[in-house]
Amino acid sequence: MEDYKSIFSGFRSREEELIPLLQKVQDVNGYISPASMKEIAGFLRIPESRVFSVATFYAQFRFAPIGKKHIMLCRGTACHVKNAPRILEELENQLGIKSGETREDLEYSLETVACIGACSLAPCIVVNDEVKANLTTRSVRKLFGQDKKKRGANGHGPAV
Ligand code: FES
């Protein structure tokens, strides 16, 4: 169970703190759960519906847990023309999830993002904070293929 007292420390229960609070909860928990929206609403003394509508308005907030390894694939122009769509296909194939999903074993999550500012390294992904550059389908298989084997044929079992 999250320690909201600690998460909310330093905030003063003011409505203008809603976005920073959502950001803090996401930093600590990895995502915004319905329970955390309720906690924030209580702390700020505003309706839950207000927290929900603000949180869902901004693309920066996630509403499902992310994997231990969170992969962001750049879908910016430079990456796109250097085969990013094919890289995405290969990632989805190796990881057994689609973009926007988290694997059942919580090992991986995958999303596509706008330019990450490393265009000369296109096509690239970021795994947690580490950039993997100049990717090919082959290098994706090399990076993640071993894990696919561990998961078994259907791609949904837990890593062993
Ligand atoms: S377009 Fe991919 S890093 Fe800029």
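**Walking through the model**

Leu-106 counts as partly exposed because 15 C-beta neighbours fall inside 10 Å. Leu-106 sits in the loop between α6 and β2. Its phi is near 60 degrees, which is a positive value in a residue other than glycine. Keep in mind throughout that this is a predicted model.

Now the overall layout. The protein has seven helices and four strands. Along the sequence the pattern reads α-α-α-α-β-α-α-β-β-β-α. The C-alpha atoms fill a box of roughly 50 × 35 × 25 Å, taken along the principal axes. Of the 160 residues, 23% are buried. For contacts between residues at least 6 apart in sequence, 59% join residues at least 24 apart.

Next, the sheet. In what order do the four strands lie? The order is β2-β1-β3-β4, in an open sheet with mixed pairing. The edges are β2 and β4, the latter being residues 130-132, and each of these pairs on one side only. From one strand to the next, the twist averages 25 degrees.

As a reminder, strands of a sheet pair through backbone hydrogen bonds, either parallel or antiparallel. Here we have both senses around β1. With β2, the β1 strand pairs in the parallel sense, over six bridges. With β3, residues 125-127, β1 runs antiparallel, and three bridges join the two. On the β2 side, Ile-71 stands opposite Leu-110, and in β3 the bridge partner of Ile-71 is Val-127. One place along, His-70 stands opposite Ser-109 in β2.

What lies across β1 and β2? That is helix α6, which runs at about 160 degrees to β1.

The largest one has 17 residues, and Leu-73, Ile-87 and Leu-91 have the most contacts inside it. Three elements each supply at least two residues of this core: β1 (69-74), α6 (84-95) and β2 (108-113). Which of them gives the most? It is α6, with five residues.

Leu-91 shows how these parts meet. Leaving out residues up to four places away in sequence, Leu-91 touches Ile-71, Leu-73, Leu-110, Val-140 and Phe-144. There is also a second, separate core of nine residues, which includes Leu-22, Val-25, Leu-44 and Ala-55.

Two packed helices are described by the angle between their axes and the distance between the axes. For α2 (residues 18-29) and α3 (residues 34-44), the angle is about 145 degrees and the axes are 11 Å apart. The crossing of α2 past α3 is right-handed. On the α2 side, the residues that meet α3 are Leu-18, Leu-21, Leu-22, Val-25 and Asn-29, and they face Ser-36, Ile-40 and Leu-44 in α3. By class, that contact has six nonpolar residues, two polar ones and no charged ones.

Moving on past α3, we reach Arg-45, in the loop between α3 and α4. Is Arg-45 buried or exposed? Arg-45 counts as exposed, because there are 9 C-beta neighbours inside 10 Å and a residue is called exposed at 12 or fewer. Arg-45 also has a positive phi of about 55 degrees although it is not a glycine.

Then Glu-48, which belongs to helix α4 (residues 48-57). Glu-48 has 14 other C-beta atoms within 10 Å, so it is partly exposed. Setting aside residues up to four places away in sequence, Glu-48 touches Met-37, Lys-38 and Ala-41. Between Glu-48 and Ser-36 there are 10.0 Å in space, C-alpha to C-alpha, and the two are twelve residues apart in sequence.

One last item on the backbone. Where is Pro-123? Pro-123 is in the loop between β2 and β3. The peptide bond that joins Ala-122 and Pro-123 is cis, with omega at about -5 degrees.

That is what I have. I will take questions now.

Conventions. Residues numbered from 1 in each chain as written. Predicted model: local features only at pLDDT ≥ 70, side-chain atom pairs only at ≥ 80, totals over all residues. Axes fitted to C-alpha atoms, helices over the stretch in contact; angles between N-to-C directions. Left-handed = near helix turned anticlockwise from the far one by under 90°. Contact = placed C-beta atoms within 7 Å. Nonpolar A, V, L, I, M, F, W, Y, C, P; charged D, E, K, R; others polar. Core = buried A, V, L, I, M, F, W, Y, C linked by C-beta atoms within 7 Å. Buried ≥ 20, exposed ≤ 12 C-beta atoms within 10 Å, placed from the backbone. Pairing = 2+ DSSP bridges.
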